[in-house]
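Work through the exercises below with the model open. Each task is followed by a stepwise solution.

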Amino acid sequence: MRGSTCLWAVLAVVLLGCAQARSAATSNSVSTMSETSVAKPDSSHKTADGFVNPLGVSDHGSLFGFLKARFRSGKWASYQPERYRVPTTQPEFADQDDEPVVTWIGHSTVLLQHRGLNVITDPVFSEYASPFSFAGPKRITAPAVTIEELPRIDVVVISHNHYDHLDTASVQALGNTPLYFVPLGVKAWMVKKGIAAERVEELDWWESRKVMINGVEVDVTATPTQHFSGRGLFDRDKTLWASWAVAWGGFTSWFGGDTGYNDQQFREIGERLPNIDLGIIPVGAYAPQWFMGRIHVNPEEALQIHQDIGARQSLGIHWGTFILTAEEIDEPPRRLAQALKNAGLPLDSFSVFAVGETRRYSQVGDEHRADGHWRDKAGEY
Ligand SMILES: [Zn+2]
């Protein structure tokens, strides 16, 4: 095996799940916290040894299969900015407060601003989504801002511990200012990285917390996804993966994290959380489908999630930032627009931003409506 192939083999095990290995210091005023549970506890995703997808979906592809797809298929995305450049722009963080404001920082990092509170999803600002600071999937699009340029962050939600979602340097830079919400098993990692235990809330699926932050009540619920976890060769599925509903000031967001599709979990989320204003849903990293389909969604499945959860509008994420898979970089937004068209849904109901783009909630779908920004050269969605 050549050196680069070796490295990819190791990274494949860590990133793509090919292995068979099974405070006190606060700047916010969290004045009260109460535990609530929105329904009966369900432990079908727990085992003595870690976690599983309760619908029986195996998340284990073979390492051989991955390497074959990666190196023998002849088709793996490469970034060719001369053919297609991921659109980028400068954020315009909220300066007024009459409606929620949404900024896509890149990949799965989204900043939500409302009622003076700032909530961020899966903050990742590092150059590599990898256990190594010098190798692995490298950013093709810089984060819209540096972490220092962010406004004060009050709440962080973490979907799972994969490197493109949980980044050591970013968590340490945010430090003990925010309150972190993490799935079961991730709190120990946070504390090991220097975050005060009091600043981390670890939740199981369908557990909720109500917190008061600077006089605003925030309701956070962990919800299911179909995925897996692990940061090394020996911690496969030892910690849980989750999506998150975060509601405050009359605005309910749902962050999908990283997930494959099934026709049960998202319908259940839609039934139990009937007022989702904004879905933040992955649309990229799905090819080859035979390999990625169990753990990631394609744009058609992302649209099905949008419908299953009953979101008023949605934002597509998890594309245009790291090359993790084989689809062309610009395919997710085009396929999403086509899927909306095929389903007879308005193009502005599920939108895609430029990296760094900020939109007020009422304008989340404007780009699609305006000019078919995501058409390919042939004019097709
Ligand atoms: Zn993942």
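**Exercise 1. Decide whether H107 is buried or exposed, and describe its backbone.**

Solution. This is a predicted model, so every value here is computed from predicted coordinates.
- Step 1: Count the neighbours. H107 has 29 C-beta neighbours inside 10 Å.
- Step 2: Apply the cut-off. A residue is buried if 20 or more other C-beta atoms lie within 10 Å. H107 therefore counts as buried.
- Step 3: H107 lies in the loop between β4 and β5.
- Step 4: Read the backbone. Phi of H107 is near 50 degrees, a positive value in a residue other than glycine. Most residues other than glycine have a negative phi.

**Exercise 2. How many residues of β5 are buried, and which way do they point?**

Solution. 
- Step 1: Recall the rule. In a regular strand the side chains alternate between the two faces of the sheet.
- Step 2: Sort the residues. T109, L111 and Q113 point one way from β5, while V110, L112 and H114 point the other way.
- Step 3: Check burial. Six of the six residues of β5 are buried, so the strand is largely enclosed by the rest of the structure.

**Exercise 3. What is the strand order of the open sheet that holds β5?**

Solution. 
- Step 1: List the order. The seven strands run β9-β8-β7-β6-β5-β4-β17, with mixed pairing.
- Step 2: Find the edges. β9 (200–203) and β17 (358–360) each pair on one side only.
- Step 3: State the twist. It averages 20 degrees from one strand to the next.

**Exercise 4. Explain why A94 counts as buried, and find what it touches.**

Solution. 
- Step 1: Count. A94 is buried because 22 other C-beta atoms lie within 10 Å.
- Step 2: Name the contacts. Leaving out residues up to four places away in sequence, A94 touches V101 and Q113.
- Step 3: Look along the chain. A94 and R359 are 265 residues apart, yet their C-alpha atoms are separated by 9.2 Å.

**Exercise 5. Which elements cover the buried residues of α7?**

Solution. 
- Step 1: Count burial. Helix α7 (residues 299–308) has eight of its 10 residues buried. Among them are P299, L303 and I305.
- Step 2: Name the cover. It includes α5 (265–272), β14 (278–282), β15 (313–317), α8 (331–342) and β16 (350–351).
- Step 3: Look past the helix. G310 follows α7 and has a positive phi, near 70 degrees.

**Exercise 6. Characterise the packing of α7 and α8.**

Solution. 
- Step 1: Take distance and angle. The axes come within 8 Å and cross at roughly 55 degrees.
- Step 2: Classify. α7 and α8 are therefore oblique to each other.
- Step 3: List the residues. P299, E300, A302 and L303 in α7 meet P332, R335, L336, A339 and L340 in α8.

**Exercise 7. Where does pLDDT stay under 50?**

Solution. 
- Step 1: Start with the whole. The protein chain averages a pLDDT of 84, and 77% of the residues score at least 70.
- Step 2: Find the stretch. pLDDT stays under 50 over residues 17–31.
- Step 3: Check its contacts. The model has 46 contacts beyond four places in sequence for residues 17–31.

Terms used. Residues numbered from 1 in each chain as written. Predicted model: local features only at pLDDT ≥ 70, side-chain atom pairs only at ≥ 80, totals over all residues. Pairing = 2+ DSSP bridges. Helix = DSSP H or I, 4+ residues; strand = E, 2+ residues; numbered from the N terminus. Axes fitted to C-alpha atoms, helices over the stretch in contact; angles between N-to-C directions. Buried ≥ 20, exposed ≤ 12 C-beta atoms within 10 Å, placed from the backbone. Contact = placed C-beta atoms within 7 Å. pLDDT = per-residue confidence, 0-100. Parallel < 35°, antiparallel > 145°, perpendicular 65-115°, else oblique.
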